[in-house]
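Here are a few friendly notes to read alongside the model. Please keep the structure open as you go through the points.

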Amino acid sequence: MDSASDSFYFLNNLDAITVLLCVLKSFYYIPLDRLKIFWLTLSEAFESLAAFSFIFFLIFMGFTVAHHVLYGIAIQGFYTIVDSFSTLMRFVLGDIQNYDTMIVVNPTLAPYLFLCFQFLIFFVLVNIFA
């Protein structure tokens, strides 16, 4: 930590995470039958959800790094790994703003990479439990 503002920023982030965890933990102690059913369902499905989350994260990070390497120099949404992750999450949510720029930067690979991403993430992983 270099300055007081950095320390404040770090502690502010830590406080936000702590509050979120406290709120989530408080749901465990609320004596509602439906909430107990929810927690029991989550505990029963934890193994499947953990495996799915791990596979989703691996595939998503592969596409994140690929997009960063391919477009990181030319497109602002892919300058860093975090920016690439955020841009691809926006793709999943339907906010596809950089596609035209991707075609200009790399007209050969852009359509194929985009279609593979959309197919694997949206059609396969998101609909795996449907």
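1. Let us begin with histidine 67, which sits in helix H2; helices here are DSSP runs (H or I, at least four residues), numbered from the N terminus. Please keep in mind that this is a predicted model, where local features need pLDDT of at least 70, side-chain atom pairs count only at pLDDT 80 or more, and totals for chains, interfaces and linings use all residues. Residues are numbered from 1 along each chain as its sequence is written, and side-chain values use heavy atoms, with hydrogens and water left out.

2. Is histidine 67 buried or exposed? Its relative accessible area is 0%, so histidine 67 is buried (buried means under 20% relative accessible area, exposed over 50%, partly exposed in between, with a 1.4 Å probe and protein chains only). The histidine 67 side chain reaches the backbone oxygen of phenylalanine 63 at 2.8 Å. Beyond its neighbours within four places in sequence, histidine 67 is in contact (heavy atoms within 4.5 Å) with Gly72, Phe78, Ser84, Leu88, Met102 and Leu113.

3. Some of those names return in the largest nonpolar core, which has 14 residues. Such a core is a set of buried Ala, Val, Leu, Ile, Met, Phe, Trp, Tyr and Cys residues joined through side-chain atoms within 4.5 Å. Tyr71, Phe78, Leu88, Phe91, Met102 and Phe117 have the most contacts inside this core. The elements giving two or more residues to the core are H2, helix H3 (81–92) and helix H5 (110–126). H5 gives the most, with 6 residues.

4. Leaving aside neighbours within four places in sequence, phenylalanine 117 is in contact with Phe60, Phe63, Leu88, Phe91, Val92 and Phe122.

5. Now to the aromatic rings: a search of the whole structure finds 9 aromatic pairs. Rings of Phe, Tyr and Trp (its six-membered ring) pair if their centres lie within 6.5 Å; planes under 30 degrees apart count as stacked, over 60 as edge-to-face and the rest as tilted. The pair of phenylalanine 56 and phenylalanine 60 is stacked, because the ring centres are 5.6 Å apart and the planes are at 20°. These two are 4 residues apart in helix H2 (residues 33–71), so about one helical turn separates them. Phenylalanine 60 is buried, at a relative accessible area of 1%. Ring pairs also link Phe52, Phe56, Phe60, Phe63, Phe85, Phe91, Tyr99, Phe114 and Phe117 into a cluster.

6. Methionine 61 is also placed in helix H2. Methionine 61 counts as partly exposed, at 22% relative accessibility. Not counting residues up to four places away in sequence, methionine 61 touches Ile81 and Phe85.

7. In H3, Ser84, Thr87, Leu88 and Phe91 are buried. Seen down the axis of H3, the buried residues fall within an arc of 95°, so they line one face of the helix (the arc is that of the directions from the helix axis to the C-beta atoms). In contrast, valine 82, found in helix H3, is exposed, with a relative accessible area of 62%.

Notes. A polar contact is a pair of N or O atoms within 3.5 Å; within protein, one must be able to donate a hydrogen and the other to accept it, and residues adjacent in sequence count only if both atoms are side-chain atoms.
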